[in-house]
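I set down what I looked up, entry by entry.

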Amino acid sequence: MTTPSTSTAPTAALTPAAPGARSPLGPVGLVLAGGVSVQFGGALAVTLMPRAGALGVVALRLLVAAVVLLLVCRPKVRGHSRADWGTVVVFGLAMAAMNGLFYQAVDRIPLGPAVTLEVLGPLALSVLASRRAVNLVWAGLALAGVFLLGGGGFDDLDPAGVAFALGAGAMWAAYIVFSARTGRRFPQADGLALAMAVGAVVFLPLGLAESGTKLLDPVTLGLGAAVAMLSSVMPYTLELLALRRLPASTFAILMSLEPALAATAGFLVLGQSLSLPQALAIGLVIAASMGAVRTQVGRRKPVVAPEA
């Protein structure tokens, strides 16, 4: 995952001379905070779909998030190489596809199973990207939890919903890769703002075609803005910052917590209760994530001490 242009951001984040640049949460805390935000935003989006449709909700989410990030970050559009722009465009397309496919999934199947299937993408990435054998153990443990959370099978789910969720998982894996590359090529969250704008421009025609003037309803706009902040602005920013100091393989294993977070959000917002197998599954994915964190901490200890 490392390229010649990636060394400056992680080094600056770890140097003792700039302690203010480091989040008190640390990269793992940033990922977890982003996960909580995105899942509660997803639960809110489910309640909005009857008003605006799945594509309409995605269009609102991306558009509001793009406007907010562009105003806050004010990214520079000059001085970037063709490779930089290629990276940010692919990142934006991956975000748009991930959101569109996932919202099509939760429009057909419950939130918990949808996230359970979606997380298979990051889990596959963790196996492919990892260079340590122990990460295969954590990935396998998390994968067992994923299938247990799905009740041991997905035969009763809508086939189209399952296909959309799996497609969203593939795009999630692409999002992880290009989020890391974008964070290394652009300062702060500039690349994220530009990528979000790309995704919004691509998806807005689809949302307008499905929902039309429904998107202009004040209540719909307000709820769409809330979904954008919870599901896009906050989590993507936190994850982009985390990926500057966290390997993609470890980040992907941490993403196995998403079914547990989704189940919690589904219970609190949508009234969906947990069964005993689902509770056991949550324990498995938490154990896998804790193992990944412990492995990551062990790898980072020798890196923090030396100065740049």
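Predicted model: local features only at pLDDT ≥ 70, side-chain atom pairs only at ≥ 80, totals over all residues.

**Salt bridges**

Entry on Arg51 and Asp217. I found their side chains joined in a salt bridge, with an N to O distance of 2.7 Å. I looked up the accessibility of each partner. Arg51 is partly exposed, at 38% relative accessibility, and Asp217 is partly exposed as well, with a relative accessible area of 28%.

Entry on Asp84 and Arg185. I noted a salt bridge here too, its closest N and O atoms lying 2.7 Å apart. Asp84 is in helix α4 (residues 82-106) and Arg185 in helix α8 (residues 159-185), so that I record another link between distant parts of the chain, 101 residues apart. Is Asp84 buried or exposed? Asp84 counts as buried because its relative accessible area is 10%, under the 20% cut-off. Arg185, by contrast, is partly exposed, with a relative accessible area of 31%.

**Nonpolar surface**

Which residues form a nonpolar patch on the surface? I listed Leu63, Val67, Leu71 and Val72, which together have about 380 Å² of accessible area. I followed up one of them, Val72, and placed it in helix α3 (residues 54-73). Val72 counts as exposed because its relative accessibility is 66%, over the 50% cut-off.

Definitions and conventions. Residues numbered from 1 in each chain as written. Heavy atoms only, no water. Salt bridge = Lys/Arg side-chain N within 4 Å of Asp/Glu carboxyl O. Buried < 20%, exposed > 50% of the residue type's maximum accessible area, 1.4 Å probe, protein only. Helix = DSSP H or I, 4+ residues; strand = E, 2+ residues; numbered from the N terminus. Patch = residues over 30% accessible without salt bridge, like charges linked within 9 Å, V, L, I, M, F, W, Y side chains within 5 Å. Areas by Shrake-Rupley, 256 points an atom, 1.4 Å probe, with all protein chains shown as cover.
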